[in-house]
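Dear colleague,

Please find below the structure that I am handing over to you. My findings follow it, and I would be grateful if you read them with the structure open.

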Amino acid sequence: MNKQSNLSRLLAYAGGHKYLTIASWFLSVISALIALVPFVYIWALIREVLEVAPAFSQAQNLAHYGWMAVLFAALALLIYVAALMCSHLSAFRIAANIRSHAMHHIATLPLGFMAQFGSGKLRKIVNESSAATETYLAHQLPDKAGAIATPLGLLAMLFLFDWRLGLLSLLPVVLAFLIMASMTGAKMQQKMKEYQNALDDMSNEAVEYVRGVPVVKTFGQTVFSFKRFKDSIDRYGKWVIAYTKQLRLPMMFYTTAVNSVFAFLIAAALLFTQNGVSSTFLLNLIFYIIITPIITITLTKIMFQSENAMIVADALERIDSVLCVQPLVQTKESARPVDSSVELKGVCYSYDGKTDALHDVSLRIDAGKTVAFVGPSGGGKTTLANVIARFFDVQQGQVCVGGVDVRNIPKQQLMHAVSFVFQNSKLLKTSILENVRLGKPQATREEVMRALEAAQCMDIIEKLPQGVDTVIGAKGVYLSGGEQQRIAIARVMLKNAPIIILDEATAFADPDNEIRVQQAFSELAKGKTVIMIAHRLSTVVKADEIFVLKEGQIVQHGTHAALSEQEGLYRSMWENYQTSVQWKVGKEAAV
């Protein structure tokens, strides 16, 4: 019932192509039955040889039987190829539709979903889970239809020639089937889920490790600093070895049983020929020895098909884990913010439902003001910025932009009102012109150039071979972190949103680039509401107001001058920052 349910779900993605899937089953059944016909001609050929022996020259039909066997074998192969063509066309369409449906759904999810779920895990689900369904539909289902038809045809043939040998041939089959059932039941399905979980964890941690390589190189750390990645590899290795050992004995017994048909036939031959051997019995024995390997192949196909069915069931569950995430509720109202002010009222948010990342946060940022969020790591700074931009919906309280609850502002309108410059800005593998134009797709070339100039990017453009049309990334040029930040700032300038969020935007900039980035920020901030998230306190001293966060709560707020005079967390952070700067300057002077 579960398999049929999964199959029905897969065929729902096929549209009109589902008839190709059904056609592939029928063609595979016909191919499997026709593939048995050559064995009948082989039996007839052997019979004629035994009948005329030793006067083999009297055999008149050997060529006819041989060519008929070849003809039916070729016909079975052609029909099977036609079945695979049908199944592949349908499978490709289903896999493409699953990916398309998943990606369209992901595009409707909160922008913070990717960070929570893990980009490596998400990529694996979208790509590999859909690919698992493709393999199942394109190969496994047609083969399964053929594998079911083959034993039925074999049963008729086995009992038609000699029911005693036919029955004995089935005994090891039944034994192998029972062993196979013990390996492919509910317990095996749970093991398959654990296996996929281990793969997902390793894939996700691998992506995070690659992204963290710049940090490793910057601070001279070794790969063992990425303990989570190494632990995920160790867990995967430990699980696979334990699972392999667990299946070692059942697989050994299965292989022995499924390949022991010859032993049963030989024992039967010795038993049934005690009083002499007839040509008919010898003929049937030779025929059974020739045809019984098909039983082994068929059972092995069924075993792997059962395993793949479990893989598909698990793949659909993983796809469902993405599809069941609900998009943010979109308002049917069209409330427009009256200005670019931001206000939070008693905001609470938790990622895991247990510990609050934000707890009872209330603040107001007037339009046109520049504020900064500072505090220790994990204090809630980025989370606070995320709920303002509605990357997530708060679980308690209210977030207002321009006096309107963000939940009542249409998504596109809110995105036009807010721009972001992240710590690690992403540029696409296309020209600088198109990268900047993402901020305003309908912008002219002249508008893009003005934004680049305002963002202090002209020195970058002038040194590139094709100027603003130079392609970034693969088969193009590569920019430093600070240069990428300036291009990202040009994109934000072109967008010209009234609210700007800067999340550690100068973290990876070298001194020269940092000066230019700060100049670009000064230009960007004119007439805008600016929210800065920073660890480097020198970048926030001119902010109109600084909010100090610790453990998801605002513990202090005020100007730099006022906060540096007060006893508290900010003063301690400022003193530590000053000490670190003096130590660095003193060290450079000594060198």
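Glutamine 456 is found in the loop that lies between helix H17 (445-454) and helix H18 (458-463). In this predicted model, the phi of glutamine 456 is near 60°, a positive value in a residue other than glycine. Most residues other than glycine have a negative phi. Glutamine 456 has a relative accessible area of 26%, so it counts as partly exposed.

A second residue of this kind is glutamate 551, which is not a glycine and yet has a positive phi of about 50°. Where does glutamate 551 lie? Its place is the loop between E9 and E10. The relative accessibility of glutamate 551 is 61%, and it therefore counts as exposed, the cut-off for that word being over 50%. A positive phi, near 60°, is also found at asparagine 496, the residue that follows H19.

The strands around glutamate 551 deserve a description of their own. E9 and E10 form a hairpin, with 2 residues between them. Strand E10 (residues 553-558) runs antiparallel to E9, and 5 bridges join the two. Within this pairing, leucine 549 has isoleucine 554 in E10 as its bridge partner. On the other hand, strand E3 (residues 370-374) and strand E9 (residues 545-550) run parallel and are joined by 4 bridges. There, valine 374 stands opposite valine 548 in E9.

I turn next to an open sheet of 4 strands, in which the order is E2-E1-E4-E5 and the pairing is antiparallel. Which strands stand at the edges? They are strand E2 (356-365) and strand E5 (404-405); each has a single partner strand, so one side of each is left without a neighbour in the sheet. Strand E1 (residues 342-350) is joined to E2 by 6 bridges, and the two run antiparallel. Leucine 344 stands opposite leucine 363 in E2. Helix H14 (residues 381-388) packs on this sheet, where it touches E1, E2 and strand E4 (396-401). The direction of H14 makes about 60° with that of E2.

Helix H19 (residues 481-495) has 15 residues, which at 1.5 Å a residue should span 21 Å; the end C-alpha atoms are 21 Å apart, so the two values agree. How many residues of H19 are buried? The number is 12 of its 15 residues, and H19 is thus mostly covered. Among them are Glu483, Arg486, Ile489 and Met493. Helix H12 (residues 279-291) has 13 residues and reaches 18 Å from its first C-alpha to its last, close to the 18 Å expected. The buried residues in H12 include Phe281, Asn284, Phe287 and Tyr288.

Finally, I draw your attention to serine 28, which lies in helix H2 (residues 18-34). Is serine 28 buried or exposed? Its relative accessible area is 3%, and it is therefore buried, since that word applies under 20%. The side chain of serine 28 reaches the backbone nitrogen of glycine 146 at 3.5 Å. If its neighbours within four places in sequence are left aside, serine 28 is in contact with Tyr80, Ala83, Pro142, Asp143, Ala145 and Gly146.

Yours sincerely,

A colleague

Notes
Residues are numbered from 1 along each chain as its sequence is written. This is a predicted model: local features need pLDDT of at least 70, side-chain atom pairs count only at pLDDT 80 or more; totals for chains, interfaces and linings use all residues. Side-chain values use heavy atoms; hydrogens and water are left out. The expected span of a helix is 1.5 Å times one less than its number of residues. Buried means under 20% relative accessible area, exposed over 50%, partly exposed in between (1.4 Å probe, protein chains only). Two strands pair if DSSP finds at least two bridges between them. Contact means heavy atoms within 4.5 Å. Axes are lines fitted to C-alpha atoms, for helices over the stretch in contact, and angles run from 0 to 180 degrees between N-to-C directions. A polar contact is a pair of N or O atoms within 3.5 Å; within protein, one must be able to donate a hydrogen and the other to accept it, and residues adjacent in sequence count only if both atoms are side-chain atoms.
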